[in-house]
Structure formats: structure tokens, C-alpha cells
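Here is a short tour of one structure, written for someone who likes to follow side chains and see what they touch. Have the model open and turn it as you read.

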Amino acid sequence: MSAAAALQPRRLRAAFLGAAHSHAFDKLRIVKDSPDYELAGVWEESASARQTLEKLGPLPWRPKNGILADRGIEVIFVESDVPQIPLLAIEALEAGKHCHIEKPIADTRARLSRIIALAREKRLVIQGGYMWRYNPAVEKALEAARQGWLGDVYLIHARMNTLIGPERRPEWNRFPGGQMFEQGAHLIDIVVRLMGRPQRITKFLRHDSPFEDALKDNTAAVLEYGRAMAIITSSVLQPNAGQHRTLEIFGSNGNAVVRPIEPPSLEIDLAKPAGPYRAGRQRIELPPYERFVGDIAALARALRGEQPLATTAETELAVHETLLESSGMA
């Protein structure tokens with residue numbers, strides 16, 4: 001072995017259980033091309049999903065049981081259609097595999113509790129698949145709040161809307177939480193990772209479109225803390241919604257505003273200088289960013305023992321219990 005090869009980090013054998021989720025294509029591409037991983041198996045029942053994934057080139061298709069029984073596979077990416085996510089995650093954890101679990105990781109408290117219990121019992125790493133955990137604008141906004149540079153945080157406002165047509169509404173309507181469970185989850189993840197579990201949650205799960213279905217398509221949740229609150233809104237009714245997705249953190253010394261969230265853009269406005277920031281409004285320069293790359297790289301570092309994940313099983317539990325309650329599914 002050459003000296004250069006000896007310095008290369010150990011590659012992790014990885015597999016995908018399910019690949020029908022809308023995030024699966026990009027995650028599979030990143031893992032397939034990453035020097036951190038060896039893609040050792042992909043299982044997906046849907047013929048249409050398999051056809052889409054074939055655009056990535058040859059893939060190591062394998063039966064589910066073969067993947068679970070393969071002792072050389074260390075980590076499973078659970079990227080199935082949403083109703084199957086917790087069931088496949090439980091199977092993977094029972095088989096002793098570390099897991100990246102697409103969000104939301106569970107649709108009931110019982111399944112969530114089982115996932116967390118297995119991770120703890122078997123000392124396995126789990127990582128929720130929230131796409132903005134490594135967004136540089138979000139990370140810097142959270143850093144400013146955690147370091148006290150914004151002063152005492154008293155209000156967070158976060159918005160994630162989209163626009164879907166009638167053909168996609170049945171997919172969104174499979175869970176009572178509707179849009180809060182589907183996309184509001186990303187915002188709840190951010191708030192809970194910053195503020196912890198709320199003391200009280202007030203939810204608004206409304207159907208405000210003219211469509212004759214039961215989809216909760218215009219939703220909000222107010223998360224209350226001792227001296228602060230977070231207001232989260234998420235609907236499927238907004239045209240051109242992506243450019244208006246927003247995270248705003250307000251403190252006694254100023255605020256951090258991420259708008260849009262993608263592509264990342266951050267403005268900080270302080271009354272007094274703090275940390276690396278001067279007083280007044282300032283646009284913050286951000287590093288290059290591609291969705292999912294940071295998550296997948298961080299998972300590899302954690303599994304090789306180089307750096308633990310910033311999120312623990314306890315973090316995932318707090319995020320998802322808050323999500324289930326905010327979605328009327330607790």
C-alpha cells in the first residue's frame with residue numbers, strides 16, 4: 001500500500017433501503033460518488049423509482065434481506081416513501097446498522113420510541129434527514145444565537161411554503177398533520193435544536209384551499225418557551241414559494257435573517273458589535289453549499305470515530321416528539 005493510500009480515510013460500506021423519496025436521487029448520487037463510502041446495495045420495490053435512479057448509472061441492486069444480513073454493511077440510508085420510513089429504520093437498527101433516516105423518521109410515538117430505544121440499546125448512530133442542518137446560512141444564524149451575539153432570543157419566525165397541484169395532494173394528505181408534518185418538519189428541527197423542547201405547543205392545522213379533500217394545507221404552530229416563542233408557518237398554497245422561505249431569529253441585541261434559505265443568504269443586524277460582527281446591517285459571506293453533502297460527510301466522520309454528530313438520539317427524540325404534537329399526531 002502506498003503512503004498516499006494509507007492516509008486515505010476508511011471507506012464505509014453503505015446501502016439504501018428504499019429510494020423512492022424525493023431526496024433519494026441526490027443522496028444516492030452523493031454517496032455513490034463519495035470517497036467516504038462504498039455503495040454496497042440498493043433496494044427499492046417501485047419500478048418507476050428504479051427507472052428514475054437508473055439515470056445515475058449501474059447500481060448494486062440487492063434484495064432487502066440480503067442487505068440486512070450483510071455484516072459488512074455498516075450504515076443504511078432509509079430513503080423510502082414516507083409511510084415505510086419508520087418500519088425500514090426499525091429493521092435496519094434491529095440488524096445492527098447505523099442509520100441515516102429520511103425525515104420525518106416516525107409517524108407515531110410508538111415507532112419513534114422503538115427507533116430511539118434500538119439506537120440506545122445497540123449503541124448505533126442515527127441521523128435524521130433534515131436538509132438544512134448543514135446549510136451555512138442556517139448554521140451561522142444558529143451560531144449567532146447560541147453564542148449570545150444576538151442577545152436574549154425572544155422570537156423566532158420561520159416559514160416554509162410550496163405550491164402543489166391536485167395530483168400531489170393525495171400524497172400530502174396521507175398523514176393528519178398535512179403540510180406541517182411534510183415540510184414544517186424542517187423548521188421545527190431548526191427551532192428545537194436551538195431552543196430545546198417547548199413548554200407548550202399551539203397548532204393550527206387548516207384546510208383553506210377550494211379543493212374538496214381533507215388536506216391540512218395551511219398550517220402553523222406556536223412553540224412557547226420561558227421567555228420566548230417560535231412561530232412556524234407552512235402551506236402548499238404559495239406560488240414562487242422557494243425564494244420566500246425564511247428563518248428569522250430576534251434577540252435583544254439584534255437579529256439574524258436567512259432569506260431565502262436556499263440558495264443560502266444571511267443578513268445580521270446588531271445594535272452593538274458582537275462576536276465577528278459589527279453593529280448595523282451586514283450581508284454575511286457564505287461558503288459554497290450543496291444540499292445533503294454536509295450531512296453525508298458528517299455521518300462518515302462520526303462512524304469512523306473522527307467527530308461525533310452534533311445531533312444525538314436525544315436530539316432526534318425531542319425534534320420528532322415536537323413535530324408529532326405540532327402536527328396533531330402525538
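## A buried glutamate and its surroundings

E321 is buried, with a relative accessible area of 18%. Bear in mind that this is a predicted model. The cut-off for buried is under 20% relative accessible area. The side chain of E321 meets that of R109 in a salt bridge, at 3.3 Å from N to O. R109 sits in helix α6 and E321 in helix α11, so distant parts of the chain are linked, 212 residues apart.

Helix α6 (residues 109-122) and helix α11 (residues 313-326) pack at an angle of about 180°, and their axes are 10 Å apart. The two are therefore roughly antiparallel to each other. On the α6 side, the contact uses R109, L112, I116 and R120. These meet a set of α11 residues that includes A313, L317, H320, E321 and L324. By type, the residues of this contact divide into five nonpolar, one polar and six charged.

## Other salt bridges

The whole structure has 30 salt bridges.

| Pair | Distance | Where the residues lie |
|---|---|---|
| R109 and E321 | 3.3 Å | helix α6 and helix α11 |
| R193 and D189 | 3.1 Å | both in helix α9 (residues 178-195) |
| E267 and R281 | 3.1 Å | strand β12 (residues 266-270) and strand β13 (residues 280-283) |

R193 and D189 are four residues apart, about one turn of the helix, and both are buried. The pair of E267 and R281 ties together parts that are 14 residues apart in sequence. Here E267 counts as buried at 17% relative accessibility, whereas R281 counts as exposed at 56%. Salt bridges also link R13, E38, R62 and D70 in a network.

Conventions
Residues are numbered from 1 along each chain as its sequence is written. This is a predicted model: local features need pLDDT of at least 70, side-chain atom pairs count only at pLDDT 80 or more; totals for chains, interfaces and linings use all residues. Side-chain values use heavy atoms; hydrogens and water are left out. Axes are lines fitted to C-alpha atoms, for helices over the stretch in contact, and angles run from 0 to 180 degrees between N-to-C directions. Angles under 35 degrees count as roughly parallel, over 145 as roughly antiparallel, 65 to 115 as roughly perpendicular and the rest as oblique. Contact means heavy atoms within 4.5 Å. Ala, Val, Leu, Ile, Met, Phe, Trp, Tyr, Cys and Pro count as nonpolar, Asp, Glu, Lys and Arg as charged, and the others, Gly among them, as polar. A salt bridge is a side-chain nitrogen of Lys or Arg within 4 Å of a carboxyl oxygen of Asp or Glu. Buried means under 20% relative accessible area, exposed over 50%, partly exposed in between (1.4 Å probe, protein chains only).
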